[in-house]
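Work through these exercises with the structure open beside you. Try each task before you read its solution.

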Amino acid sequence: MSAEESKPIEPAVAEVDAQLKGKPAELESDVESDDEPTTTAEGSTAAGPSASASKKKKKSKRKKAKELLTGSSGDPDQDLKKAIGGLTPQQLKDLMALNPALAQEVAQISGTSNPSAEQTANLLRKMNLQEIMTGLAAGGKNAKDMASYKFWQTQPVPKFGEEEKNMEEGPLKIQTVDDVSKEPAALVSGFEWVTVDLKSDEEVKEVYELLNGHYVEDDDAHFRFNYSPSILRWAMMSPGWQQRYHIGVRASQSRKLVAFISAIPVHLRVRDKVVLCSEVNFLCVHKKLRGKRLAPVLIKEVTRISNLDQVWQGLYTAGVVLPRPVSTCRYYHRSINWQKLYECGFSPLPPNSKPAYQIRKYALPDSTSTRGLREMQEKDVDDVLDLLKRYLARFDMAPEFTRDEAVHWFVPKVEPGGEQVVWTYVIEDGNKKITDFFSFYCVESSVIGNAKHDVVRVAYLFYYASEAGLTQPFNQEVLKTRLNALINDALILAKRAKFDVFNALTLMDNALFLEQQKFGAGDGQLHYYLFNYRARPIGGGITAKMELDEKNRSGVGLIML
C-alpha cells in the first residue's frame with residue numbers, strides 16, 4: 001500500500017476527494033476485490049444488477065477475449081469455431097488466464113489440471129461465445145483461484161478443490177463465546193463504529209441514501225438497486241431482529257454514514273439438519289472508500305456479534321464466485337412493460353424484429369384465470385404456513401418459518417404513504433381449503449442517466465406452494481400445469497400493480513414454468529454460501545452450461561432479498 005493510500009480518510013465525501021488529491025475513486029466492487037467480498041443477492045441486468053468488477057478491468061478482459069474469438073462473418077458460431085482453430089497454444093493459455101472459471105471447467109472435463117492445447121480447443125468448440133465470455137459454463141462469472149482470496153483464506157469456509165461428494169456435512173470450526181473478542185476491531189483514524197437505528201426515519205434514510213448511491217449496479221452503470229425505507233425495514237426487521245446487527249461506519253467529523261452491513265436470524269434446514277444462521281445482507285461501502293479494506297472488517301464484525309449470541313453459522317449470497325458456493329442459480333426476467341424497458345436500455349430489440357411485435361409478445365390478459373384466487377389475509381396464515389412447510393420439505397435447503405415470520409413475510413401491508421412491499425395471493429377451493437399460494441415483492445432499480453425514465457419497477461418472485469406438488473405418487477406434469485397457471489396469474493397481477501418486469505431465479509420448481517411464461521435468461525447468477533458450514537453441493541435448477549434443468553430440479557428452497 002502506498003503512503004497516500006495509508007493516510008487517514010476524512011469524513012465527508014468532499015473531504016475524502018480533497019484528501020485523495022484528485023485520485024480517481026476506486027471503482028472495484030467490494031466483492032471482486034481480493035480483500036473486500038460482498039453479500040448481495042442479485043443478477044446483472046436492470047432488474048437485478050450484479051456486483052461487478054472494475055468496469056475498466058472487466059471490459060479490458062472481455063475486449064481481449066473477443067479479439068481472440070470473434071470474426072466478422074455475421075455468424076458468431078462459425079466465427080468462434082474458426083477462431084478457436086486458429087489460436088496458438090499461447091493464445092489458448094492467455095484465454096484461460098482471462099477466464100479462470102472457464103479454465104476450471106476445462107480442467108475438470110479433461111481430467112487434468114494442465115490440459116493440452118488440443119484438449120482445450122476441442123472443449124471450447126462445444127461451447128458458445130456467451131459461455132466462454134462470461135464463464136457461465138463453469139457456473140459463475142469471474143471465478144478466482146483460491147490463492148487470490150486473501151480474506152477468505154483466513155475464514156472457515158469450504159475451499160475449492162476439496163472432495164465434495166462424500167464429505168461430512170457440518171460446522172468447520174467449533175468455538176465458545178470465551179473465544180470471541182468482546183470489542184470490535186479498530187477502524188482507521190477518522191472513522192468509528194455505530195449501531196444504526198432503523199426505527200428512526202432519519203437513520204433509515206441514511207441507509208437508503210448510502211445503498212441508493214453505492215450499492216451494486218449493472219456492469220455498464222445504467223441501473224442500481226433502489227431499496228426504499230419500507231423494504232429496508234421489511235428486510236432487516238423481521239421477527240427476532242436485533243438492532244446491534246445493523247452495523248454502520250461513520251466518518252468521525254461529518255457523521256456521514258459511509259459503510260453498512262446487516263443480519264437477521266434464520267433457521268435453515270440443510271437436508272436433515274436445522275442450523276441457526278445469521279442471514280447477512282446489504283453490505284455496502286461508499287465508492288470513495290473502496291480499497292480501504294472496510295468490507296472484510298464489516299464481515300468480521302457481524303460475525304463477532306453473531307458469535308457472541310452463539311450463532312456460529314452464516315448465510316449469504318453473491319453474484320460472483322467466492323470460496324465456495326453450496327449452490328448456484330440463474331436469473332430469468334419476464335418483460336411486462338417492454339416499451340419502457342426498451343427505452344431504458346434494459347431490453348434490446350432483437351435482430352429482424354420490431355417494437356410492435358415485442359409489445360404483442362409480452363402482452364398479458366387483463367383478468368386472472370384461477371378460480372378461488374384472492375389476496376392473502378392474516379386469517380390465512382396458519383393454512384399458508386402449513387402448506388409452505390410441506391412444500392419446502394421437498395428441497396435440500398430451505399428456511400423453517402415460525403408463524404410470526406409468516407405474518408411478517410407474507411401478509412400484504414400498505415404503508416401510510418401508499419407503498420406496498422409484498423403481494424401474496426391464495427387459492428381457496430369450494431371447501432374453503434387453501435390449495436395454493438404465491439407471493440412477490442418489489443425492489444425498484446434507479447435508471448441512471450436516462451432522460452425519460454427514473455425508475456424501473458421490478459417484481460421478484462418470492463415463495464409459493466401448491467398441493468399439486470404434494471400428491472403421492474408425485475406427478476411432475478400435474479405440478480407443471482398448475483404452476484404455469486399460477487405464475488401467469490402472478491404476472492397479470494404484477495401488471496395491475498404497475499410493475500415493468502418480473503424476475504425469478506431457477507430455484508424451487510421454477511424450471512417448470514420459466515420458458516413457458518416467456519421469461520428470458522439473464523446474465524446474472526446468484527451463488528449461495530454458508531459460513532462455517534460444509535455442505536455437499538445442492539442443485540440450482542440449471543445444468544453445467546447454465547441451461548434450465550427440468551429433470552434434475554433445484555434443491556434450493558430459499559429466497560434471499
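## The chain as a whole

The chain exposes about 24100 Å², and carbon and sulfur atoms supply 49% of that area. Accessible areas come from the Shrake-Rupley method with a 1.4 Å probe; for residues, only the protein chains shown count as cover. This is a predicted model: local features need pLDDT of at least 70, side-chain atom pairs count only at pLDDT 80 or more, and totals for chains, interfaces and linings use all residues. Residues are numbered from 1 along each chain as its sequence is written, and side-chain values use heavy atoms, with hydrogens and water left out.

**Exercise 1.** State how many helices and strands the chain has, and what share of its residues is buried.

*Solution.* Start with the elements. Helices (H or I, at least four residues) and strands (E, at least two) are DSSP runs, numbered from the N terminus. The chain has 15 helices and 16 strands. Next, burial. Buried means under 20% relative accessible area, exposed over 50%, and partly exposed in between (1.4 Å probe, protein chains only). Of the 561 residues, 55% are buried. Last, contacts, meaning heavy atoms within 4.5 Å. Take the contacts with a separation of 6 or more: residues 24 or more positions apart account for 75% of them.

**Exercise 2.** Find the buried residues of helix H8. Where do they sit around the axis?

*Solution.* Begin with the length. H8 covers residues 201-214, which is 14 residues. Its first and last C-alpha atoms are 20 Å apart, close to the 20 Å expected at 1.5 Å a residue. The expected span is 1.5 Å times one less than the number of residues. Now list the buried residues of H8: Val204, Val207, Leu210, Leu211 and His214. They cover an arc of only 125° around the axis, so they lie on the same side of H8. The arc is that of the directions from the helix axis to the C-beta atoms. An α-helix has 3.6 residues a turn, so residues three or four places apart point the same way. Finally, check the other side of H8: Asp201 and Glu202 are exposed there.

## Side chains and their partners

**Exercise 3.** Describe the surroundings of Lys413.

*Solution.* First place the residue: Lys413 is in the loop between H14 and S10. Its relative accessibility is 39%, so Lys413 counts as partly exposed. Next, its contacts. Beyond residues up to four places away in sequence, Lys413 touches Val407, His408, Glu419, Gln420 and Val421. Now the polar atoms. A polar atom of the Lys413 side chain lies 3.5 Å from the backbone oxygen of His408. The backbone oxygen of Val411 lies 3.1 Å from a polar atom of this side chain.

**Exercise 4.** Which side chain makes a polar contact with Asn503, and which with Glu428?

*Solution.* Recall the rule. A polar contact is a pair of N or O atoms within 3.5 Å; within protein, one must be able to donate a hydrogen and the other to accept it, and residues adjacent in sequence count only if both atoms are side-chain atoms. Asn503 lies in strand S15. Asn503 is buried, because its relative accessibility is 0%. Its side chain joins that of His333 in a polar contact of 2.8 Å. Glu428 lies in strand S10. The side chains of Glu428 and Arg374 are joined by a polar contact of 3.1 Å.

## Backbone and cysteines

**Exercise 5.** Locate the cis peptide bond, then count the disulfides.

*Solution.* The cis bond joins Gln472 and Pro473, with omega about -5°. Pro473 is in the loop between S14 and helix H15 (476-496). For disulfides, look for pairs of cysteine sulfur atoms within 2.5 Å. The count is zero. Cys284 is buried, because its relative accessibility is 1%.
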